[in-house]
Each structure stands twice: as structure tokens, then as C-alpha cells.
Amino acid sequence: MTLLDIQNLTVEYPSRHGVFKAVSGASLTVEPGEIHGLVGESGAGKSTIGAAIMGLLERPGHIAGGTIAFKSDLISGLDAVAMQDLRGKKISMIFQDPLTSLNPLLTVGEQLMETISLHLGLSQNAAQQRATALLERVGIPDPALRLRQYPHQYSGGMRQRVVIALALCSEPDVIIADEPTTALDVAVQAQILDLIKDLARERQVGVILVTHDMGVIADTTDRVTVMYRGEVVESGTTAQVMGAPNHAYTKSLIAAVPRPQVKLKRFSQISYGGRETRFAIEDIARNWTRVETQADTPLLSVRNLEKRFPIAKSIFPGHSTYLTAVDDVSFDIMPGEVFGVVGESGSGKSTVARLISGLYPLDKGTVEFAGQIVSDPRDKAAVMQFRRDIQMIFQDPYSSLNPRMRVLDIIAEPIRHHKILSGSALTKRVHELLEQVGLGAAAAAKFPHEFSGGQRQRISIARALATQPRFLICDEPTSALDVSIQAQILNILKDLQDHLGLTMLFISHDLPVVRQMCDRVAVMQKGRLLELQDTETLFAAPQTDYTKELLTLMPHLEGLSDEGLDI
Amino acid sequence: MFSFLIRRVLQAGLVLLIVGFVAFSMFNFVGDPIDNMLGTERTQADIDRLRTQLGLDQPFVVQYWKFLANAVEGNLGVSYRQGRPVAEIIAERAPATLELATVSALFAVGVGVLLGIYTAIRRDGLVSHIIMSVSLIGVSLPTFLIGILLIYLFSVELDWLPSFGRGEVTDLGGWTTGFLTTSGLKALILPGITLGLFQMTLIMRLVRSEMLEVLRQDYIRFARARGLSEKAINFRHALKNTLVPVITVTGLQLGSIIAFAIITETVFQWPGVGLLFINAVQFVDIPVMAAYLMLISVMFVAINLIVDILYVAIDPRLRS
């Protein structure tokens, strides 16, 4: 019997500017034991479908047409009380961010037992036993002790397991997982996806897996529905949709996914719907003042970097405990090279970037740039010149731009700081930069909130290029972006390297992206540099067990169509 | 946890030392008390005698040390105007102010939190809109006007409640209380509301906005997705999270209820320390002013200490 049957679902958000259709005419079904992937980019309406099933649409959103049936009973249009009876009991939901999904002030046990008592009406003791069993089921060691702990005492992956345990409290028939692994490391992601697969197989739970990650879709789901701007554009078995897509959007979406197996010259960009934006690298290159460097000496060398952060401060210095975030890290980066640093969260890769750029003071070690020591804050002239020569692009395009500043001032700030230009020459320079990154000079008068994530990252790039740097530090520059936007930004970075000879430190947790972008890769774990190899060697013949493990955990994307790839 | 408490107490001690210094400095910098205490027909011998008697001829540091030592023992000096020990005068007056402040605080916190929750949960309801509009009037009217309006309505027109004084009080060995007699309780109502109204609206608005913020959080959405009842979501999950930021502001507000009871006490002729302070300022009665300053700072520091401890009690993240 079909568990969930959605027919012609339309969800509307009325507003003063007219009615916004978040979902229009979407149909999909979920069978017992099936994992149904719902894929699309942000704004495609995939999460809205999940919320509509649960009856949790944010006001003023409502179901304007179509039906949702659970085990052939109509559930769309049920009143709040009937819906509340269904929620958590028959249909459960897992949210994206395990760090914010749990109430920080209640113990994990309290939250589990509350939900268990509600749905199953068990006594305190029985509920506690069931809670312990559930934690054990989702793979949390020492569950009896863990019940008494608060969410902040759990790691991110553990919290997502708790979230899944909460969703399983009353043996639901359907689980809607909304981006369940987006906020997690690859190793943890693989474990959580395995857990979801096990649930589907063993307990015949139907799962709707909402994600933007094609790797997760390819490795986990049985069937897949592709959405674009509220509409279902294609649907079928995962092998068929991923291997031989029919619709032009699906084709371009799949082509934009970074591949772990082969290195491409450029990323294929999504041409569907006319979303490609120009990037005038030739214009930038024409006006660029290159500083000649010797090709055989390193441009940047770091020696024995160390950084410790206090975890628990004490009045007596000897009693404070520290976390060594970066431990004796040394490497050289040659001119024109893209140097990758990979590792899980907490491996210290971002701290390395901040130490090099001087955002954190060093505890030990030296940074040398173009033959000069730049890690001594007392040598102001060297530090100033170095700051002009290196620029950073950050991960989150939302928090890395000051929301109260106009784009003009954001991009002009580094130029003003280094007193390179002023007055109308400065304004002209900013307008040129905006034209070159494809936003147009008119963007200068706007504020950051008027731009999408991809456009903001272009503003970040324009800001980074403003001082004509020789070295770029990119800290997870595309992790917060959709695949198609990611492809555009990565192509821009490739262009910068090819045409301007920029040297880059590229930090990422995404191994396929690293394979596409980097010449050499350093693998970090717990603050230490484990392995440093040419990219191709690292992927073909990893030396350490940790690297081998990381490589096996990355999505393999074997069934993906090769159509439109620039190999 | 223990080291946290020790650190907080040490910080509180430091604050009190600094306030003590400021209070003591008043003796030296706000006019010469001898001038105020002796009439125009004084001789140099009178002045010298009083100066020695009050210890004003000794070096600054010695005076400060004596002042602190005496203050710790409860000896806050002699009022220049009344010629009686300040500690005695304050002990007479403090119960009136403390009882008034307690009633106002209970009113402000109780009603403020309840209305805040109500207006957050029923954010689009008619009653909520009315409450929010009325509260705006409550914030914008000055305290003395509210007091006068309440007196006019409930004392003059309706003649339900007394318009001034504490009513009948019972003496419990040095502490006079109005809680034990009907007229004492009645007398507390109007000044209590007058003093607490502003804090009540403030707390209400704060609780409302914090609660609305909390209700948007992922864990509330997840709780709803688990099928928990609205009651459990609002009162078990949302309320506790709302309280953390509310406690800080509320603590500071309670301090100011005591510190700024002056206006209400004036309007209602309430025989509390506020009225005492006003009189002390008029007559440059520095020992009384200094003692009042110390008393208020002790209360603020104590309230802050309690707020810090409450934080830790509510939020497990601060315990580790």
C-alpha cells in the first residue's frame, strides 16, 4: 500500500505584491521501505512540500490545490487537532541543523521521554527504558548516561542521531528528512545516511529525503523527484534520472556537480533558465599589475605554526586547559599554485587560514611571504604590505558583508585602508570591479541584502580583488551555495588563477571540489598536518589511513550522466 | 560552579569598595558639614571641637578606613540634621520602602510575564492588540501622573483605597510591617501599582519579543513536528528559553524600583527611605546620603549576584 500519495499539490503564499506559488502542481508517492529523494536548488519548493505534508506551513502559506493522502486517508485540509495527532506519531520530521533542533535547556532524556509519553502513553519507567533503547538503536554509546546530558554535551553528529531517535519515538510510518546531513562532516554524513537506509530497509519506513546534494541523492535514494522553481521537472528511479536525465534542467544540474574521479578543465554551468552571469576576466587581466616572482622559490612559507585556545579559564594560569587547534604545521606554497587544505570540522584548517592572514595572533611559528617575515606584528611596514598582498574570501556570503554598508563602501574599504586611490578615481575603480564580476556598476548603491548568495560571493570576490593582491585565501568559498552557483564561483576562481597568476590557499571539506581546484593538497586532522601530496597522487594513492578513510567516505557519484562535461 | 561563585562575590566586593569610596568622598567634597551644623553664632572653638568630635581633622586615608570599618559594623555615622545615628533612621524607614518595592516587583514580574506570554502566543488577537496599545500609554505617562490619576479614581471618586501613608502597621521587633493589617494591605495597592507599572510594561514587552523570537527557533518547529501540544511547546519549551535574557533586564529593573521609589513615595506620602533621601539632599545631610548610596549599591550588587546564579540554574550550558 502506498504510504504517501501527493497529487497536484499547490502551495501559495499570498502577499501584498501578489500570490507567490512556492509549489505548483507537484505529485509524488512514497512506498514502504522506499527512500524518495527530493532534489533542487534553494527556492525550488522542496522543503515546502515537507512542511505541507506535516501541516507546518509558515503563515500565510497554505495548500491552494491538490491532495495529500496518508495510507489512502486524505490528510491535506485536516484541522489542527487531527494534524497534531498525526505529527510525530505516523509522520515524523528531521531537520537540517542538529545544533538548533534540540531544546538547549532540557536534557536529551527529558525531550525523548516527553515525546514517548505523549505518543505511547507509557509510564515514566517504561518511557525511560524506551528512550534508552532508542538511543542505543541510533548508535549512541552508553545511552543510560547520555540520557541525563544536555544537547551541548553532544557532538553535531550525535545530536543528529538524537534528532532521529526523537523522530522514531512512536514508530512512524513516514519520515521526512529535510537536509539531514547538510550541516555534518562527511564521515558523520555517511553514518547518518546509513542509519536512514537501515530504517527504511528493516522497518519498512517510507522516507522523503529533501536535499540539494546530488551525491547524497545518488548514494542513498531509490527514487528521485527533481524540482525547479516550484515545479516537478523530472521524476523516476534514481539510476534513470541520474544516469540518463531527460529534462534540460536535470542535465545541467548533474553536469554542474564536481566529480571525484576526473579533473575537469572547467565546470559546466547551468544554462537552464538563463541564470549564467558574465565574469569579465579579460578586463580584469588587462588592468592588473603583476608582480614578477621567481617561480622556483615559495611565495608563502609557514613554519611550525601553533595556536592554542583556552577551553576552561582559571584564575591560576596553570589550571587553565587549552585546545591545541593548530599543532606544528609547516608548508610552502609556490607562486601560481592552488594549495588545498582538507579536513573535518575542528581539524584546524580554518584556523591555519586565520593565522596566516593575521586574524589570530600566532602562539608559535613564522609566516614568510615573498622572502619576508610577516608574522611579527611589530614590523608594521611588512605587515601592511602583506595585508595588501593577501585577501580572503569567506564561507558565508551572508555574514561576511556588513549589512549596514553599501556595496560601494564594502569594496572601497580595502582600497581606502591601504590609501591606494581616493575620490572619483576610487568610485570609478569600484564600478569597474562590479562590472567585471558581472554585477554592474548600479550595484554600488545597493545594500548586501538586495543580493542572492551567489551575487554576494561575487561582491566578496570584488572586495578581495580591490587591492590587486598576489595571494587569495578562500575559506570554504562555495560551501553555502547551490551547485550551479558553486560551479560559477569555482570557474571564476580558476579564471583568476589562470589569467592573473594568483596564488591560492583553498580550504574545503568537499573532496570532489578540492580535486577540481587544487594542485597540491594538505590533509589535516586534530590540528596536525597528516599528509601533503600532489592532488592526483593523493586521490590515486593516499598514504595515511585517515586520508584513505576520507576518500572512501566521499560520495562516489558513479551513476551520474557525463553529458555536457568539459573533460 | 564554586569558583564561579567565589569570583562573583569577589567582584561584588570590589564594586562595594568603589561605591564606598565615592560615598566617603562626598564628606570631603560636597561642602563643609560644620557650616551646616552650626548656626551663625559660632566660635572657632565650637568649630574645632565638632571637627575633632566628627574625626574630620584626621588624614583622608584614616578617615576612609574608619568609615569602612564602621560601615561594616553597621555604624553609618550621625545624621547632621537629626543628630541621631543614621543606621537607626534608616532601620526605621527601610521596611516601608522594602515592602513597597516587594509588592511592586511581584506585580511587575507576575503580571508582566503573564501578559508577555499571552500577547506572544495570541500575537494577532484583538485582546493582544489592546494590551499592547494600553501598555504604550503606561510607558509614556510619568509616574507621578499615574499616581495622581489612581488617587483621584480610587480614593477621591470611589473611596475604595487610602490616598496616602502606610495605614496601620504592626511592629515586629524593629521591623514595621503593613502586611498584617487590612488597612496596611489596602494602603500598599495604589503605590505598588504606581511604582511597578512602568517596569511591568517593560517586562511584558521584553517577554513578548523574546518569546516571539524563541517561537521561531528550529527546536520549536521540531517540537511541533513531533506532535507536542501547544501547551507543552509554549510553556515547557519556549518559556524557559525566553527567561534567560529576560532575567538580566528584570534584575536591573528591580534594582531601580528600590532606587527610584522616591517619586512614588513623595506622591503617596510614603514614609520610606526615598523621602528620607530627598530631605537629606535638601539639608546636605551627607551621612544619610552616603548611607543611602551604600544601601542601594548593596541591593544592586545582591540582585546582580542572584541574577548570575539564576542564569546558571536555568542554562546548563553555563554549568560546564
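I began with the domain assignment of chain A: domain 1 covers 1-85 + 213-254 and domain 2 covers 289-406 + 468-553, with bounds from an automatic or database domain assignment. The centres of the two domains, taken over C-alpha atoms, are 39 Å apart.

A note on conventions: residues are numbered from 1 along each chain as its sequence is written, and chains are lettered from A and ligands numbered from 1 in the order in which they are written. This is a predicted model, where local features need pLDDT of at least 70, side-chain atom pairs count only at pLDDT 80 or more, and totals for chains, interfaces and linings use all residues.

Next I checked UniProt, whose unreviewed entry lists "domain: ABC transporter" at residues 4-254 and 300-551 of chain A; positions are in the numbering used here, feature names are shortened, and annotations may be inferred rather than shown by experiment. I found residues 4-254 to be 39% helix and 27% strand (DSSP runs numbered from the N terminus; helices are H or I, at least four residues, and strands E, at least two).

Then I turned to S7(A), residues 174-178. Is this strand buried or exposed? Five of its five residues are buried (20 or more other C-beta atoms within 10 Å of a residue's own, with C-beta atoms placed from the backbone). A:Val174, A:Ile176 and A:Asp178 point one way, A:Ile175 and A:Ala177 the other.

I looked up its partners too (pairing takes at least two DSSP bridges). S6(A), residues 91-94, runs parallel to S7(A) over four bridges, with A:Ser92 bridged to A:Ile175. S8(A), residues 206-211, is also parallel to S7(A), over five bridges.

Conventions:
Buried ≥ 20, exposed ≤ 12 C-beta atoms within 10 Å, placed from the backbone.
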